[in-house]
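Me: I would like to go through some labels used for this structure and check each against its definition.

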Amino acid sequence: MDSTEIMDSTDSKIRCAIIGGGPAGLTAALELSRAGVEPIVFEMDQQVGGISRTVDYKGYRFDIGGHRFFTKVDRVHNWWMDILSDEFLVRPRLSRIYYQGKFFDYPLKPKNALLNVGLTESVLVGLSYLKAQAFPSREEKNLEQWVTNRFGKRLFTMFFKTYTEKVWGMKCTEIGADWAAQRIKNLDLGKAALSMLAPKLLTGKNQITTLIEEFYYPRLGPGQMWERVTEILDERGHPVRLEHQVKKIHRDGEKVIGVTVADGKGNEERFDAEHVISTMPIKDLLNVMDPAPPAEALEAANRLRYRDFLTVGLIVDSPELFPDNWIYIHSPDVQVGRIQNFGNWSPHMIPDKSTSCIGLEYFVQEGDELWTADDDALIELGKKETARLGLIDADKVIDGVVIRMPKAYPVYDHGYKENIDSIREYIDKIPNLHLIGRNGQHRYNNQDHSMVTAMYAAENILGANHDVWDVNVEEEYHEEAHVEKGQGASGERLVPQRVREASPIEILNDAFAKYDPVALGGALGTMLGFVVFLATAGLLLKGGEDVGATLALLGNYFPGYDVTWAGSLIGALWGAVFGYLIGFIIAVAINVTVSIHLAKLLRRLGALGGSIG
């Protein structure tokens, strides 16, 4: 049944209370309003948009996090265009990585990367990669092990470690490998090199995420979208009630029957409703249910964790600062994680063209030292750190503002899935309570996927039977750009899980993990061939009459090899062959030995378990 058929079948108005005026809540409200349903939206803050809001400070507009408007879902794209149409700008993407005092283009470009890293470091990165291929970590339980096995230790340290630890507040050794496997699955060194050297060859399904070079952006920031939706609802007779916090969600048996809200002055009022749509954090939702949920569900909700976020906005007395939309800060010397230059997102966000405004993003926990710091202290910290990075002159900062955003990122820690299952066991028994959006489902959704959950929930109220929890279950990174235009609502953005405790049998299996003979052979072959080529090339570049006399003895083992450019290629080929054979034999020998010892230990463990039982 499509949405048009559902709308036509609606004969009477249904009052629906919607908790939250972010993208999901406002999308649901407008969809229901268009279908003849009466929505009432309660937003606890002073403005709409949630994390997709745009904060107006003295005419300067600050985006909370940087929100590009792109989607694989045609319905969402058409919805956006219907709301703002000519207010969208098509913006070029420019982002860089700051590392060791230098700025790396992102996506990587050969000349820039080589000049920044240097030839010596480039060789060390290559050798680190080859070492990881030849001698990988025998277990892959955490992010550091997973990334190092695929990219080498040096690349892990340069481009993964610091930024990831800033964002999630955990060491990479504490973050489970499962997150890395999903979050980075479409990136490998082969594709990265190809994207640098021959990007036009990467088309269709081979195109990697970093090649999205343009995006839509509202003229006055992402909040303009949700401000306009609010205006439309108001015109339709459904004003959004700002500064209204939900205090209770009333339930009668297996149905919710209304909500009690408090306005900004603390006055409480009850509203009856036939349906309730919630985008509030699940943790808070279950704590306002009346009567209270079962203890098991409530305890599960209280175990859910979040990562919080604050932006230090700086107004700088300079018309141009740096050309980027945003910069990732991969430096442990400063606490800032990412910096936005809002004038490069849209020039209309700057009222005075002789000035600029930037946003410094700090990833925090509510209640920690940064979160509770005085605004003036945070602005001073932002000035010092940006100046230290060489991006601004601190003396030219003429004003600043701090924006705090609690519960910005739902965390998928160990036990997360079990907690959600326990919560859903209770929630699913209440058919007229609909959970949508990022915090409503405790899922690290994009804006467009949150909107799809809202559309499905609205259609369910009108008679459809969508499983709203199925939106976004496909494990595919949200920025992946394919030539074939997607139709579905896929692309869940995953967040880290802490490394879980292993059972004794799992520990033994990890400790005695078997080598892949083909992989080890290929890695050793690649390394040996590469070393022979480099050694020969280095001697040839050095020159001299007797150069390479000792190395030429390799010709006794590698037929056709000598210290010439042609010989370097022959030597590399023979090195690859010999290395492969050696690696293959070593892996087989290790595996046979390991299997014998593992079988003995497992028998002893089984016998011990039986005697204890």
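Me: Why is Asp 375 called partly exposed?
Reply: Its relative accessibility is 33%, and partly exposed lies between buried (under 20% relative accessible area) and exposed (over 50%), with a 1.4 Å probe and protein chains only. Asp 375 therefore counts as partly exposed. This is a predicted model, in which local features need pLDDT of at least 70 and side-chain atom pairs count only at pLDDT 80 or more, while totals for chains, interfaces and linings use all residues. Residues are numbered from 1 along each chain as its sequence is written, and side-chain values use heavy atoms, with hydrogens and water left out.

Me: What makes Asp 375 and Arg 404 a salt bridge?
Reply: Their closest N and O atoms are 2.9 Å apart; the rule asks for a side-chain nitrogen of Lys or Arg within 4 Å of a carboxyl oxygen of Asp or Glu. Asp 375 lies in helix H15 and Arg 404 in strand S19, so the pair ties together parts 29 residues apart in sequence. Helices (H or I, at least four residues) and strands (E, at least two) are DSSP runs, numbered from the N terminus.

Me: Is Glu 144 buried or exposed?
Reply: Glu 144 has 17% relative accessibility, so it counts as buried. Its side chain meets that of Lys 153 in a salt bridge (2.4 Å, N to O), and Lys 153 is partly exposed at 41%.
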